[in-house]
Amino acid sequence: MELKRKFYDFLLNWKNQKHQECLLVNGARQIGKTYIIEKFGRENYESFIELNFALQPELCSVFEGNLGVREICERLTALQRDVKLIPGATLIFLDEIQDCPNARTAFKPFALDGRYDVIASGSLLGIKYKKDKIKKTPRSIPVGFERQVTMYSLSFEEYLEAKGFGKASLQILKRSFAEREAVPESINEHYRRLLREYVVVGGMPAVVSAFMDRGHYGEVQDLQEALVKEYIADIHKYADKTDIPKVENCFRAIPRILAKENRKFKYAEVEDRGTARKYLSSVEWLKDAHIATFAECVNVALTGLSGYVKEEWFKLYLPDVGLLCSTYGMGVKREILADTLKGCVKGGIYENLVAGILERNGFPVRYYRNDATEVEFIVETSDGVVPIEVKASNGSTVSLDRLLESPDISCGIKLTGGNVGVSGKKLTLPHYMAIFLEPVRM
């Protein structure tokens, strides 16, 4: 089935509002970057030109020598006879741009020229440049002439739309969120069930499409396991030879650490007596490759959270909750669907879910830790600094309650398996309502 993506609307806005900038789309493999850009290009331009440098490496010659727009277009038309370059009505799509760094250098002349729109897409972009150093590094980075954006797998809202629940279906939930009123219980239970389904299926497009077409959880598991293997294959393909086992071990350690009560990433969990000196670069590799979500730790709950980061403490999540779920097997999935799962594994899965929601909503992913107090997430919204505690079911919120004693914090959120409720400065919300949280925007 065809999946609707919010990123399509982003591309439309970019087309209508951009000024002297090309677009560079980052993101993990297999999240639908190429598909959505192709769809956007064909539906919104008279001429759509696609150059895939991974499939057609000979096209890199288009960006050799003089990088003026005229010279590039001459070389392009010499290689592809059917190219139509229509000023004001052409989109040039440079796919897998990490395999042709000079094409990125050409952003500046294209942006200044203004006749043709340019979108580029890349996976493992920073990784490729670091590995290949001189051979595969752009002559210069077009600062001021490129806009970088990250695309992710399907959000919960996109998953709901694939199930047939559009924006109108969410209005009653959004109203309950805004007015701090309980959702009618039958509706609340319905969306809690849909969220559990999303936790199991996740948002990888191929997995979601297969599930929507056939509804087979066994097929979902098979596809997810194959995708995890693809990520590991990318580690073997793109990491430096001496770093491959270290990067892979860090990646494989993420589900194991998330299944513990203390989910802070510890190098000793990767390897006995493991150290930052040995493994920090491997963590950075996973972060740069977009196959791990990095959560910073802050130790002061005041506006300007980025100024209070403790670099030695952090957490890692998988970029898609369904992929994380697949690493624990079908037994865990069955219990999630039945809402009978207990223990730290469930807590880690729901924490990973919320990390993904916050990241897709534009929040830097951060948690709070100071002395004996730790809260899963902390964000800045129009209400100021807001700590967020995630409970897989229901339960006490000792750390959140302690933070809410501060006069500098006006609101805290408890995400739980229940309904909406208010107790003093604490707002209790069902997990799915995290989708309504928004960062401060200028």
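Two strands pair if DSSP finds at least two bridges between them. Helices (H or I, at least four residues) and strands (E, at least two) are DSSP runs, numbered from the N terminus. The model is predicted: local features need pLDDT of at least 70 and side-chain atom pairs count only at pLDDT 80 or more, while totals for chains, interfaces and linings use all residues. Residues are numbered from 1 along each chain as its sequence is written, and side-chain values use heavy atoms, with hydrogens and water left out.

**Stop 1: the four-stranded sheet**

Select E6 through E9. These strands form an open sheet in the order E7-E6-E8-E9, with mixed pairing. E7 and E9 (373–375) are the edge strands, each pairing on one side only. Neighbouring strands are turned by 25° against each other on average, direction ignored. E6 and E7 are antiparallel and share five bridges. Show Phe 294 and look for its bridge partner in E7, which is Leu 316.

**Stop 2: the loop between E6 and E7**

Select Ala 301, in the loop that joins E6 (293–298) to E7 (309–317). Its relative accessibility is 10%, so Ala 301 counts as buried (under 20% relative accessible area; exposed is over 50% and partly exposed in between, with a 1.4 Å probe and protein chains only). Beyond its neighbours within four places in sequence, Ala 301 is in contact (heavy atoms within 4.5 Å) with Tyr 368, Ile 378, Val 385, Leu 403 and Ile 409.

**Stop 3: the five-stranded sheet**

Next select E10 through E14. This open sheet has five strands in the order E10-E11-E12-E14-E13, again with mixed pairing. E10 (377–381) and E13 (421–423) are at the edges with a single partner strand each, so one side of each has no neighbour in the sheet. From one strand to the next the twist averages 25°. E13 pairs with E14 (residues 426–430) in the antiparallel sense over three bridges, and Val 422 stands opposite Leu 427 in E14. Axes here are lines fitted to C-alpha atoms, for helices over the stretch in contact, and angles run from 0 to 180 degrees between N-to-C directions.

**Stop 4**

Leu 195, Arg 196, Tyr 198 and Val 199 of H9 meet Ile 349, Tyr 350 and Leu 353 of H17.

Then select H10 (residues 205–214) and H11 (residues 217–238), whose axes come within 9 Å and cross at roughly 170°. H10 is therefore roughly antiparallel to H11. Residues in this contact include Phe 211 of H10 and Leu 223 of H11.

**Stop 5: helix H3**

Finally, select H3 (residues 69–79). Which residues of H3 are buried? They are Val 69, Ile 72, Cys 73 and Leu 76. These four cover an arc of only 95° around the axis, so they lie on the same side of H3; the arc is that of the directions from the helix axis to the C-beta atoms. Arg 70 and Ala 78, on the other side, are exposed. The buried residues pack against E2 (47–52) and H5 (107–113).

Note on methods
Parallel < 35°, antiparallel > 145°, perpendicular 65-115°, else oblique.
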